[in-house]
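Open the model in your viewer and keep the selection panel at hand.

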Amino acid sequence: MRNKIIIGNWKMNKTPKEALELISTLKPLVENSEAEVVFCVPFVDIPCAVEALKGSSISVGAQNMHFEDSGAFTGEVSPGMLYELGVEYVIIGHSERRQYFAETDETVNKKVLKAFEYELIPIICCGETLEQREEGITMDWIKNQIVKAFENVPKENAMTAIVAYEPIWAIGTGKVATSEQAEEVCGHIRNVLREIYDDETAEEIRIQYGGSVNGANAKELLSMEDIDGGLVGGAALKADFANIVNYNK
Ligand code: PGA
């Protein structure tokens, strides 16, 4: 039985001081919930978030990392730096990084492989544009993204990964995918993983939906068989996040 996992993607929001304020609001509301909870905060907020969440059931994640151990990469953050700070998860290949920061399927794969070397759990993002959906190529597109992201990833690592299906047209738009649309693609992703690995791996990997998830639509989405959680942007910055985490109460 896969336990649900709700991940807040704070994006480029909240200074360290503001992060502590948000954590003090959310922590009592989402702590010790049935679902696992992760806050993916901006790099500079990581130390204070780790400190504020120490001893709680909530984990801290990053939103990106470099695929090299260290070196002349001005402005980048290495996986070792994240690990040393107590980060447990890292978002890889978010569509905003693919769109604005030249992230490709190749760099996504390199980052996924490197994350495992540092015991960081990658949250691997995939998703189609509205044009691709209308053209009818969503399933092929997603399959390709998943196959490339998992290239050379051994089964024992793959089993611990998280995949986030985030249709680009649903991110930050208030236009949420229907639960049937989301389930169709999440189920497809599971089948692709079954083809790459085996039944055991496919049944173990958690697959999230992301894109305008909020307290009002979470229950329906999270009740779908192949949707094991949510990657939440806008609503992760508000008390409404607690309604998503506690969707079945
Ligand atoms: P949203 O963002 O919930 O604001 O649509 C989701 C995401 O980009 O991860």
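Select Gly234 first: one of its polar backbone atoms is 2.8 Å from an oxygen atom of the ligand. That is a polar contact (a pair of N or O atoms within 3.5 Å). The protein covers 95% of the 280 Å² of accessible area that the ligand has on its own (Shrake-Rupley method, 1.4 Å probe).

A word on the model. It is predicted, so local features need pLDDT of at least 70 and side-chain atom pairs pLDDT 80 or more, while totals for chains, interfaces and linings use all residues. Residues are numbered from 1 along each chain as its sequence is written, and side-chain values use heavy atoms, without hydrogens and water.

Go to Gly172. A polar backbone atom there is 2.6 Å from a ligand oxygen. Next, Ser212: a backbone N or O atom lies 2.8 Å from an oxygen of the ligand.

Now show the whole shell. It holds 13 residues (a heavy atom within 4 Å of the ligand). Among the closest are Lys11, His94 and Glu166.

Move to the aromatic rings. There are five aromatic pairs (Phe, Tyr or six-membered Trp rings with centres within 6.5 Å). Select Tyr100 and Phe101. Their ring centres are 6.4 Å apart and their planes at 80 degrees, so the pair is edge-to-face (planes over 60 degrees apart). Is Tyr100 buried or exposed? Tyr100 is exposed, at 57% relative accessible area (exposed means over 50%, with a 1.4 Å probe and protein chains only). Phe101 is exposed too, at 52%.

Last stop: select Trp10, Phe39 and Phe241, which ring pairs link into a cluster.

Notes: A polar contact is a pair of N or O atoms within 3.5 Å; within protein, one must be able to donate a hydrogen and the other to accept it, and residues adjacent in sequence count only if both atoms are side-chain atoms. Rings of Phe, Tyr and Trp (its six-membered ring) pair if their centres lie within 6.5 Å; planes under 30 degrees apart count as stacked, over 60 as edge-to-face and the rest as tilted. Buried means under 20% relative accessible area, exposed over 50%, partly exposed in between (1.4 Å probe, protein chains only).
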